[in-house]
Amino acid sequence: MKFKTLIALGLLLPMSLIAQDKVKKIQTTSFSLMPFGSIGTGSISTIDDFRKLAPNSSLLPDELSGFNSSNYHVSSGSVGTAVLLSFKFRDKSGADYRPNPILRVGVSYNYNSSMNNSAYKEERFAYDTLVSVKTGERTAVDSISNTEYYMDYTSQFVRLDASVIYRTNPKARWNFYAGFGATFGASISSQTNINYYQSHSIGPNDDQSTLYISNDSYHEGEYESETIKNKTSLAYSAYIPMGLDFRMANKNEFWQRVHLFYEMRPSLDMVSIPELNTHTTVAWQHGFGVKVQWN
């Protein structure tokens, strides 16, 4: 009897070892595609910043005395897509995988508009006096010249994206998840765009309350733009992923592998611009994605 027991154990032990070998330390569990958009606090920039970004600009003058300057957008914006693979880890027993945590690793691409500024100046000159043939009322009109400069700095980034998330109940059809993550990357294209616009028109004198509409023939304008290529920028961020995951089906073999999810990422973003310095902003990223899960 003991001999038979030893034989049985001898046969079962290799099978047990083989079963354990099949449970690797880490296993790929899903693939996710998430288009996203984000809005941030924006970087406060000046005309001098854009002179450093575009030192050889043919449009931006060295002196802009008499111009009113301001950031025409107080926030920064970004759109992009993230591609992620998810991994789960073997549990302590070595016979199965832990439901949490899940490691996600991938790459993301995003287009970002992070800095802007504008300068505006209006000049008026006495042009003529109009006399109404009916009432004899006199209206002074001016020749008006408006000069405007609009500048922005944009980049396209490719980043490595890694995060660790914890799910409430992986077996449930709906589950909530949260965790922490970080990105690191570099720009594949950074550029400064400068737009110049000057218009001439005829309008009522500032001291006149009478409404005057000028004929289209009195309007003329001049528009020019240029784009300056900039050096490669580096980008870093730390973020908190929070999301809601929905499995498409419970029984259908194909659709039970497909998940839809919404994810929000409050983040701290840093962009190192060689011509300037490091700009730090707070951003809120939102994305709706699709996930294919096979394990």
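Let's start with a charge over a ring: Arg159 lies over the face of Phe157, 5.3 Å from the ring centre. The rule here is NZ of Lys or CZ of Arg within 6 Å of the ring centre and within 35 degrees of the ring normal.

Some ground rules. This is a predicted model, where local features need pLDDT of at least 70, side-chain atom pairs count only at pLDDT 80 or more, and totals for chains, interfaces and linings use all residues. Residues are numbered from 1 along each chain as its sequence is written, and side-chain values use heavy atoms, with hydrogens and water left out.

Now the overall fold. The protein has 2 helices and 11 strands. Those are DSSP runs, numbered from the N terminus: helices are H or I with at least four residues, strands are E with at least two. The order from the N terminus is α-β-α-β-β-β-β-β-β-β-β-β-β. Take contacts, meaning heavy atoms within 4.5 Å. Among contacts between residues at least 6 apart in sequence, 77% join residues at least 24 apart.

How much of the protein is buried? Of its 295 residues, 39% count as buried. Buried means under 20% relative accessible area, exposed means over 50%, and partly exposed is in between, with a 1.4 Å probe and protein chains only. The accessible surface comes to about 17,400 Å², and 59% of that belongs to carbon and sulfur atoms. Areas come from the Shrake-Rupley method with a 1.4 Å probe; for residues, only the protein chains shown count as cover.

On to aromatic pairs. Rings of Phe, Tyr and Trp (its six-membered ring) pair if their centres lie within 6.5 Å; planes under 30 degrees apart are stacked, over 60 edge-to-face, and the rest tilted. That rule gives 6 aromatic pairs. One of them is Phe67 with Tyr149: tilted, 5.9 Å centre to centre, 55° between the planes. Phe67 sits in the loop between helix H2 (47-53) and strand S2 (68-70), and Tyr149 in strand S5 (residues 138-167), so this pair ties together parts 82 residues apart in sequence. Is Tyr149 buried or exposed? Tyr149 is buried, because its relative accessibility is 7%.

Next, Tyr262 and Phe288. Their ring centres are 5.0 Å apart and their planes are at 45°, so this pair is tilted. Tyr262 is in strand S10 (residues 258-272) and Phe288 in strand S11 (residues 278-293), 26 residues apart. Tyr262 is partly exposed at 28% relative accessibility, while Phe288 is exposed at 62%. Back to Phe67 and Tyr149: with Tyr196, they form one aromatic cluster.

Now the surface. Phe31, Leu33, Val83, Leu85, Val107, Leu160, Leu260, Val290, Val292 and Trp294 form a nonpolar patch, with about 760 Å² of accessible area together. Patch residues have over 30% relative accessible area and no salt bridge; like charges are joined within 9 Å, nonpolar side chains (Val, Leu, Ile, Met, Phe, Trp, Tyr) within 5 Å. A salt bridge is a side-chain nitrogen of Lys or Arg within 4 Å of a carboxyl oxygen of Asp or Glu. Strand S1 (26-40), strand S3 (76-89) and S11 each supply at least two patch residues. Leu160 belongs to strand S5 and is exposed, with a relative accessible area of 55%.

Two last spots. The peptide bond from Asn100 to Pro101 is cis, with omega near -5°. Pro101 lies in the loop between S3 and strand S4 (102-131). Then Thr281, in strand S11: buried, at 11% relative accessibility. Leaving aside residues up to four places away in sequence, Thr281 touches Thr41, Gly42, Ser43, Ser267, Leu268 and Asp269.
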